[in-house]
Amino acid sequence: IDENTGHITGLIDFEGATIAPLWECAYMPRWLQDREEWDGTSEGGSSSEKASLRKVFNDKMTEIDPTGEWKRAHDQGRPFREFTNMLNYNVGVWAKDDIENTIDEWLEWAKVRPGEGLSKADPESHILL
């Protein structure tokens, strides 16, 4: 950055940069999540240790952002982050030759069973997730 004008004159280590909406970036580190959570891992210690560390993390975020913007983005963005996470790991599903037929089958299944979740393997169908 030019000290006189404030203009950006160059970028270093740009490959690690992220441009994303706040809801995508406002997440707690995975190693602080319980392993039962979709975004959790077995790293980071026991459940009670993780709970203590989550409290420290949340307290620090509240200190850094007293407006609560990060907390709102974290809480309200959770379903969107979960959805984008699924897209990241299931891109191959959309490349299947018969994806249109598969989606039609899923939609028909949902019409017949409103309010039910699609199981991993429905015994009445060949639909597999």
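Reader: Is Glu 63 buried or exposed?
Author: Relative accessible area decides this, with buried meaning under 20%, exposed over 50% and partly exposed in between, for a 1.4 Å probe and protein chains only. The relative accessibility of Glu 63 is 56%, and therefore Glu 63 counts as exposed.

Reader: What kind of model is this, and how are its residues numbered?
Author: This is a predicted model, in which local features need pLDDT of at least 70 and side-chain atom pairs count only at pLDDT 80 or more, while totals for chains, interfaces and linings use all residues. Side-chain values use heavy atoms, with hydrogens and water left out, and residues are numbered along each chain as its sequence is written, from 1.

Reader: With which residue does Glu 63 form a salt bridge?
Author: A salt bridge here is a side-chain nitrogen of Lys or Arg within 4 Å of a carboxyl oxygen of Asp or Glu. The closest N and O atoms are 3.2 Å apart, and the partner is Lys 60.

Reader: How many residues apart are Asp 59 and Lys 55, whose side chains meet in a salt bridge?
Author: The N to O distance of this pair is 2.7 Å. Asp 59 is partly exposed, with a relative accessible area of 42%, whereas Lys 55 counts as exposed at 51%. Both residues lie in helix α2, and they are separated by about one helical turn because they are 4 residues apart.

Reader: Which parts does the salt bridge between Asp 34 and Arg 54 tie together?
Author: The side chains of Asp 34 and Arg 54 meet at 3.6 Å, N to O. Asp 34 and Arg 54 are 20 residues apart in sequence, so the pair ties together the loop between α1 and α2, where Asp 34 lies, and helix α2.

Reader: Is Asp 34 buried or exposed, and which residues does Asp 34 touch?
Author: The relative accessible area of Asp 34 is 19%, so Asp 34 is buried. Contact means heavy atoms within 4.5 Å, and, not counting residues up to four places away in sequence, Asp 34 touches Gly 40, Ser 47, Lys 50 and Arg 54.

Reader: What percentage of the residues in the protein chain is buried?
Author: The protein chain has 4 helices and 0 strands, and it holds 129 residues. Buried residues make up 19%.

Key. Helices (H or I, at least four residues) and strands (E, at least two) are DSSP runs, numbered from the N terminus.
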